[in-house]
Amino acid sequence: PTRPRKKVGRKTFQVGGAGMSTAAQELSKLLFQKSAKIFGNYIGNNLRSGRRELRKKLYGPQLVDYYPLTVNQVIPGLLDEKQQYRLEKLNYLNSKGIYKTKKGQGKRTKK
């Protein structure tokens, strides 16, 4: 088990020394952890945590603003021309008996 190191500026200090008793080392370790919690430092122990990605600025709101609103989003229940045409075509084909088969019910399964 390695002792935690405290980084101050460019220098790294090792917490706890070889001449310290185990109680003093534990107290020093606890003090190091509490100070890291107070000052917002992260004790990583060189493990991957995804912390760098979480620090990045979110870009979801910019994507939402980029794409314009559709008619359905502005007035719920109102269909635009493409959706209206698609529904009319589906109704017409269904009335003639031509419709999309359910998944797994195509020609190959009827053999």
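Q: What share of the 111 residues of the protein chain counts as buried?
A: In this predicted model, 6% of the 111 residues count as buried. The word applies to a residue with under 20% relative accessible area.

Q: Why is V74 called exposed?
A: The relative accessible area of V74 is 55%. The term requires over 50%, so V74 is exposed. V74 lies in helix α4, which covers residues 71–74.

Q: What makes L69, V71, V74, I75 and L78 a nonpolar patch?
A: Nonpolar side chains are joined when they lie within 5 Å, provided that each residue has over 30% relative accessible area and no salt bridge. L69, V71, V74, I75 and L78 form such a patch on the surface, and together they have about 450 Å² of accessible area.

Q: Why is the pairing of K56 and E53 called a salt bridge?
A: The side chains of K56 and E53 meet at 3.4 Å, N to O. The limit is 4 Å, and therefore the pair qualifies. By this rule the count comes to one salt bridge.

Q: Why is K56 called partly exposed?
A: K56 has a relative accessible area of 47%. Buried means under 20% and exposed over 50%, so a value in between makes K56 partly exposed.

Q: How do you know that the reach of helix α5 is close to the expected span?
A: Helix α5 (residues 81–95) has 15 residues and reaches 21 Å from its first C-alpha to its last, and 21 Å is expected at 1.5 Å a residue. Just after α5, G97 takes a positive phi of about 90 degrees.

Conventions:
Residues numbered from 1 in each chain as written. Predicted model: local features only at pLDDT ≥ 70, side-chain atom pairs only at ≥ 80, totals over all residues. Heavy atoms only, no water. Patch = residues over 30% accessible without salt bridge, like charges linked within 9 Å, V, L, I, M, F, W, Y side chains within 5 Å. Areas by Shrake-Rupley, 256 points an atom, 1.4 Å probe, with all protein chains shown as cover. Helix = DSSP H or I, 4+ residues; strand = E, 2+ residues; numbered from the N terminus. Buried < 20%, exposed > 50% of the residue type's maximum accessible area, 1.4 Å probe, protein only. Expected span 1.5 Å × (residues − 1).
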